[in-house]
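Dear colleague,

I am passing on the structure that we talked about, together with some notes on what turned up in it. Please look through the sequence and the coordinates before you read further.

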Amino acid sequence: MDADSAPIAIELKPTSRPTSARDRAEVLRAPGFGTYFTDHMVVIEWEQGRGWYDGELRPYGSFTFDPAAAVVHYAQSIFEGYKAYRQPDGSIRTFRPDANGRRMQRSAYRMALPELPVETFVEAGDVLVRTDREWVPEGAGRTLYIRPYMFASETFLGVRPSQHVTFCCIASPAGSYFKDGVKPVSIWVTREFTRAAPGGTGAAKCAGNYAASLVAQREALRHGCEQVVFLDAVERRWVEELGGMNIFFVLADGTLVTPPTSGTILEGITRDSLIQLAKDDGRTVDERPVSLDEWRDGAASGAISEVFACGTAAVLTPIGRLCWDGGELDCAPSGEGPVTRGLREALVGIQTGTAPDTHGWLHQVC
Ligand code: PLP
Ligand code: COI
């Protein structure tokens, strides 16, 4: 085992002043998404030649860093997202954290960051959730969202991989990602901006991909849409994904179609899980390119009966209206379709422990 693959110890240094039960209950009543944070965080440092060191759980609080810290200049930064769910027996489990750990290693490789051992990645989340277990909300659609990330923390303005890196894991109680809960969202097709090019960073969960999506997201809002869908960068013809979600099409015969993740699309863990659940249900799943023309023609003719977006934060969200420069059409005239609903219920059933975990996806934390 080399220095970077051995598991790293995480020392516990908890706060002496945790949030009061009353204040926490107030937050958990309406957590929203990404606004409130638990009492602790896990931090692990890395240095070239030394590997990972100084793993600790400590009170949630600000970092101080030098104005010349590499990350704020060159965006060498990646992140992950997964969730902890309260189970009917009172235990708390996370969903496929090892898959997120492996994806973070792939992102790290692409961004010339060090790879954190998957075991340590999972342990960081476990230690945090165990310590802050009272922050895992109860109730339908309520979870604790776990956000591990890693950034270039070296003080240096030269353009090369940072020789000092910081890994951190924070957690945030979450309700619905969309303010209106499960309701079809409207989507704007951006033609001016693309998200990812072949050979680029589209398959990495790196900060810059999200920064680059914001102008298109703003364009969507200006056109009265909630989200933006990106087309491929070469032909501007093939549907790729949303800024923070993968996309699925349901054909009239029940087949599921989703674009292949061949380098420009994030390999979503929700996407992968839904492919498996759909196959378990006897459905055909085609991973193949879908053109914007196929989407427009199929939605108009009925050949495409449902379209939905999916991701950890968004779960499954039906796509209602599709808008582009020059037109719009309704993809979900009668609201959420039965296939979208069935898949969401199957996935959420496993995550919340009301359906059998047939694929061993849940990880018991406490
Ligand atoms: N695509 C992008 C660009 C994302 O940011 C996300 C969210 O993580 C997804 C897809 C869905 O991935 P996952 O299901 O692993 O959350
Ligand atoms: C997630 O679903 O976990 C994401 O990272 C999407 C978004 C919040 C950026």
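Which residue forms a salt bridge with arginine 96? The partner is aspartate 272, and the closest N and O atoms of the pair are 2.9 Å apart. Before going on, please keep in mind that this is a predicted model, so that every value below is computed from predicted atoms.

Let me begin with the overall layout. The domain assignment divides the protein into domain 1, covering 10-174, and domain 2, covering 185-352, and the contact takes 22 residues from domain 1 and 21 residues from domain 2. The C-alpha centres of domain 1 and domain 2 lie 27 Å apart. Between domain 1 and domain 2 an area of about 1800 Å² is buried, and carbon and sulfur atoms give 58% of it. On the side of domain 1, the residues that lose the most area to domain 2 are Phe79, Phe95 and Arg103, which together make up 32% of what that side buries. As for polar interactions, the count of salt bridges between domain 1 and domain 2 is two, while 13 residue pairs are in polar contact across the interface, counting pairs with both residues at pLDDT 80 or more.

Next comes ligand 1. There are 16 residues around ligand 1, of which Arg103, Tyr210, Glu241, Thr270 and Thr312 come nearest. For threonine 270, a polar side-chain atom lies 2.5 Å from an oxygen atom of ligand 1. On its own ligand 1 has 380 Å² of accessible area, and the protein covers 96% of this.

How far is the side chain of lysine 205 from ligand 2? An N or O atom of that side chain is 2.8 Å from an oxygen atom of ligand 2. The backbone contributes as well: a backbone N or O atom of alanine 313 lies 2.8 Å from an oxygen atom of ligand 2, and for threonine 312 the corresponding backbone distance is 3.5 Å. Taken alone, ligand 2 exposes 280 Å², and the protein buries 88% of that area.

With best wishes

Note on methods
Residues numbered from 1 in each chain as written. Chains lettered and ligands numbered in written order. Predicted model: local features only at pLDDT ≥ 70, side-chain atom pairs only at ≥ 80, totals over all residues. Heavy atoms only, no water. Polar contact = N/O pair within 3.5 Å; in protein donor to acceptor, adjacent residues only side chain to side chain. Areas by Shrake-Rupley, 256 points an atom, 1.4 Å probe, with all protein chains shown as cover. Domains from an automatic or database assignment. Contact = heavy atoms within 4.5 Å. Buried area = accessible area lost by both parts, 1.4 Å probe. Salt bridge = Lys/Arg side-chain N within 4 Å of Asp/Glu carboxyl O. Near = heavy atom within 4 Å.
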